[in-house]
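I keep these entries in the order in which I looked things up. The structure comes first, then the notes.

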Amino acid sequence: MFVRAVLLLTVFLAIQAHALEMPSAPGPSSFPEALIEAIRKSGAKGVISAFRGDARFHASELQLSYYTNTEGKLTGEFLIGNFTDVARSYTLAVLVDYKQKKFITGGRRVLYHRLNVPAWRHVILPLAIDDIADGGHDVVVLAMDNRQKKDTIGTNFPVLYHRSNFYVKRKDMPVVRYERYKEDGGVFHVPRVVVNSSGRVADFQEGRSETGVAGKKNYFVHINNETETTSKYVVLAIKPGAAAPIMQLEEGMPLFIEVGAAQSAMLPLAGKLVKAAEQIHVVLFREPFVRLEKKHGEINEVHSELLISKGFIVN
């Protein structure tokens, strides 16, 4: 009986170690309208985006962490400011732990939502993400430019995003297995993620057809880790304007990889893309499941950004 009691106590203490401590103050109740108006009046051209969780989730001004001791439902607003001379159209999608998840907006539960933003205006979309399990999570809101003409690929603002941690009752983050792929002996002077149809990172020719397989092509993703430490990534492909805009590179699961310091890794994508002509981007989220705030209101200075390849056409 004594041994059993010790074991139960050990498990209880392990759970308590990850128990959620809610920040004392509620989060901001609105976006910084004065700042948005100042950007608009500045005349500087660009596109901005931001997410604001409802105040009850106790976010700091950074809006990088949200907290709840009740149900696993995150509600808030996503803002896109289009400070350019042309109207823009975006497809919005939500990822929870890097899997696409339905969300609620306008009273409907959807896998994606199209949003039009007039020139020199900003639009705010209320949304909710529910049925999120207890524990810590990475939550990403993606807004993908719907233009699919070949001459626009690789232009500014193809993807807007907001990434945050959402803690439901506990703070323990998911534990995942990271794969290692073929590595070269050093970083190349090319973008940090390149998609091509060759095993050579500097080869930018269009994808070639597989021998004897009609309609299929070979593609490879090259990832350059220019830092002095091993980096972890989750790898996704996105199809702006598609009915299911997020593609997993492994069957139904996110692909988590790690690349050594000052190394370049190559991932084969043959047979993993689409059959019809599409615009494709490959995106990497660096350091998944890292805590984005060291403590409440203090940013964690880690390489946690989104990296995106130049778009390419599959045909």
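**Entry 1, ground rules.** I am working from a predicted model, where local features need pLDDT of at least 70, side-chain atom pairs count only at pLDDT 80 or more, and totals for chains, interfaces and linings use all residues. Residues are numbered from 1 along each chain as its sequence is written, and side-chain values use heavy atoms, with hydrogens and water left out.

**Entry 2, the chain.** I looked up the secondary structure and found two helices and 23 strands. Both are DSSP runs numbered from the N terminus, helices (H or I) of at least four residues and strands (E) of at least two. Of the 315 residues, 50% count as buried; buried means under 20% relative accessible area, exposed over 50%, and partly exposed in between, with a 1.4 Å probe and protein chains only. The accessible surface comes to about 15600 Å², and carbon and sulfur atoms hold 55% of it. That area comes from the Shrake-Rupley method with a 1.4 Å probe. I also checked contacts (heavy atoms within 4.5 Å). Among those with a separation of 6 or more, 75% are between residues 24 or more positions apart.

I found His58 in the loop between strand S1 (46-53) and strand S2 (65-68). Is His58 buried or exposed? His58 counts as buried because its relative accessibility is 15%. Setting aside neighbours within four places in sequence, I list its contacts as Met22, Pro23, Ser24, Ala25, Pro26, Gly27, Tyr67 and His296.

On a 1 Å grid over the protein atoms alone, a pocket is an open set of points where a 1.4 Å probe fits, with protein on both sides within 12 Å along at least five of seven lines; lining residues have an atom within 4 Å of a point. The lining has 18 residues, and Phe31, Pro32, Ala50, Glu61 and Gln63 lie nearest the centre. Helix H2 (33-42) and S1 each supply at least two lining residues, and S1 gives the largest share, five. I sorted the lining into 12 nonpolar, four polar and two charged residues. Here Ala, Val, Leu, Ile, Met, Phe, Trp, Tyr, Cys and Pro count as nonpolar, Asp, Glu, Lys and Arg as charged, and the others, Gly among them, as polar.

I counted 16 salt bridges, each a side-chain nitrogen of Lys or Arg within 4 Å of a carboxyl oxygen of Asp or Glu.

Asp130 pairs with Arg109, with closest N and O atoms 2.9 Å apart. The pair spans 21 residues, from Asp130 in the loop between strand S9 (121-129) and strand S10 (135-145) to Arg109 in strand S7 (residues 108-110). Asp130 is buried at 16% relative accessibility, while Arg109 is partly exposed at 48%.

Glu226 bridges to Arg286 at 3.3 Å between the closest N and O atoms. They are 60 residues apart, Glu226 in the loop between strand S14 (220-225) and strand S15 (231-238), Arg286 in strand S19 (residues 278-286). Glu226 is partly exposed at 38% relative accessibility, whereas Arg286 is buried at 0%.
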